[in-house]
Amino acid sequence: AEMTLGVFLSMDGNESAEVQYLRDKVQDFSAQLRTHKTTKNDAWYALERSFLKTLEYPMTVTTIPYNTWSAIIRPAVNALLPKAGFSSKFPRDVLFGPKEYQGVGLAHPWYSQEITHIAVLLTELANSTQTGKLLQATLQQLYLELGLPGFLGSHRYSQLHDLATTSWIKTVWSSLAQFQMQLDLACPCIPLLRRDDAYIISTFIDAGYRSADLTRLNVCRMFLKATTLADIVTGDGKSVTFSAYHGTQSNQLRPQLSWPRQPPALPQSYWNLWQQALHRSILVTLTPQRSRKLRRPLGPWMDSAHTATGHWPTRYSPLYDKIYQRAGLLWKVADTTGRRQGGRRKRFTFHGTVVRELPPHANMMVSLYPEGASMVIDGELVPRPAVNVPPCRVGWSDTLVNNSRVLVDELAVPIDDGAAIAAGIRRGSAQAVSDGSYKDGYGTAAGSIASGEDDQDILYLVT
């Protein structure tokens, strides 16, 4: 640890050096108080109005526990009481109790530390300072680890504290729980995406999972980067996806979230518990043991989920009868290989073909499960929901194509017929790019218009 602005700080977060520094300060003060002649009032004033301020200086950044603070302050209190006319055995609860309840009113350092934390959090967030932005990021990370929305302090600390990484903001949550307080802070929560959607960790809590098992389930959830059921359920809302059930990946609907670093793989025992918890909480129990069917299917997508569904990783094109699966900036293409035995579902195989752009007609959101060397569509075909805005003027593309002054060579229209782009123009977020070459009144050009909200809502035009 190194002394930084008067406080010993360590890269791994341990505070042993700062605690020892404070102990030494208290020992020096206690020795001086015992050996010097002073009046009762002067002794009390020296501790309460002078020396305790020395201890309060680092409290903004320290997270020292209550018992440790009690041990730090004990030598000073033992030296003070005889000097101030108290018995050395005077009850400490009365000594540190508030005057309103017949206490002496000496402030215990731990309470001063926690009140300082709450005051700093409120002040910095309200003023939107650089420190406030860092605290807001830490707060959002806490919500991401818990997988739950709500006010800071609204969740049961005793039940959920193991889900969160030890940090400054976690100690604030702990003290709020002890004080029975909640803070309504301006911090966006992770929204539900569908009707009847629910937070995954809540379903596990309702199913009776606690302590170590709940912590392991939360590790599985963060490994999949999933928060609500919509993140792990098929597009038709009826089943948990094969990949989420077996711990491979979620639907990847929230790429804007910055998740904690995860290990390359989890032990199989974790995924066995994960599958057991899914069956116990949300999957039907009257079908075969490994069924992935939900007891209560999810409803339609909410209007606010339009951007999230744009990140759906696997699409199907009815026109080409092909599967397109996101692979970074590209899309892998799978061709049909005929029907499965019994003729119920088609099988698709990836042969290494990739494309840069997703075809506009590949608008069916699908999930896959393996069958031998091929993949099969899991559940029903579901079109990506269109944004809920007034539609564009009917026939606008026909008007453009039939214009005698413009020879249109290629026109690609989004699947919503430009509704999202129209909404972007109204919001002021739409973006347009064009380039061309002209000479003597003739030329060629190409352009594109995007809604500014989703990279899938793009109109292309080549003339």
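In the predicted model, strand β10 (residues 431–439) is hardly covered, and the count of buried residues among its nine residues is zero. This strand pairs with strand β11 (residues 442–450) in the antiparallel sense, over nine bridges. Within the pairing, Gly436 is placed opposite Ala445 of β11. In a regular strand, side chains alternate between the two faces of the sheet.

The protein chain as a whole contains 15 helices and 12 strands. Of its 463 residues, 41% are buried. The accessible surface of the chain amounts to about 25,300 Å², and carbon and sulfur atoms account for 53% of that area. Contacts between residues at least 6 apart in sequence were also examined, and 64% of them join residues at least 24 apart.

Asp321 belongs to the loop between β3 and β4, and its phi is positive, at about 55 degrees, although the residue is not a glycine. Most residues other than glycine have a negative phi. The relative accessible area of Asp321 is 17%, and the residue is therefore buried, the cut-off for this class being under 20%.

A positive phi is also found at Asp196, where the value is near 70 degrees in a residue other than glycine. Asp196 is located in the loop between α8 (168–179) and α9 (200–206). Its relative accessibility is 34%, so Asp196 counts as partly exposed. Another loop residue, Ala305, lies between α12 and α13 (306–309). Ala305 counts as buried because its relative accessibility is 0%. The C-alpha atoms of Ala305 and Arg194 are 7.6 Å apart in space, while the two residues are 111 residues apart in sequence.

Helix packing was examined around α10. Helix α6 (residues 130–146) and helix α10 (residues 211–224) pack at an angle of about 110 degrees, and their axes are 9 Å apart. Helices α6 and α10 are therefore roughly perpendicular to each other, as angles of 65 to 115 degrees are classed in this way. On the α6 side, the contact is made by Leu144, Glu145 and Leu146, and on the α10 side by Asn218, Arg221 and Met222. By class, the residues of this contact of α6 with α10 comprise three nonpolar, one polar and two charged.

Helix α10 also packs with helix α12 (residues 268–281), the axes coming within 9 Å and crossing at roughly 95 degrees. The α10 residues Asp213, Arg216, Leu217, Val219, Cys220, Arg221, Phe223 and Leu224 meet Tyr270, Trp271, Leu273, Trp274 and Ala277 of α12. The contact of α10 with α12 has 10 nonpolar and three charged residues, with no polar residues. Arg221 of α10 takes part in the contact with α6 and also in the contact with α12.

Notes:
Residues are numbered from 1 along each chain as its sequence is written. This is a predicted model: local features need pLDDT of at least 70, side-chain atom pairs count only at pLDDT 80 or more; totals for chains, interfaces and linings use all residues. Side-chain values use heavy atoms; hydrogens and water are left out. Axes are lines fitted to C-alpha atoms, for helices over the stretch in contact, and angles run from 0 to 180 degrees between N-to-C directions. Helices (H or I, at least four residues) and strands (E, at least two) are DSSP runs, numbered from the N terminus. Angles under 35 degrees count as roughly parallel, over 145 as roughly antiparallel, 65 to 115 as roughly perpendicular and the rest as oblique. Contact means heavy atoms within 4.5 Å. Ala, Val, Leu, Ile, Met, Phe, Trp, Tyr, Cys and Pro count as nonpolar, Asp, Glu, Lys and Arg as charged, and the others, Gly among them, as polar. Buried means under 20% relative accessible area, exposed over 50%, partly exposed in between (1.4 Å probe, protein chains only). Accessible areas come from the Shrake-Rupley method with a 1.4 Å probe; for residues, only the protein chains shown count as cover. Two strands pair if DSSP finds at least two bridges between them.
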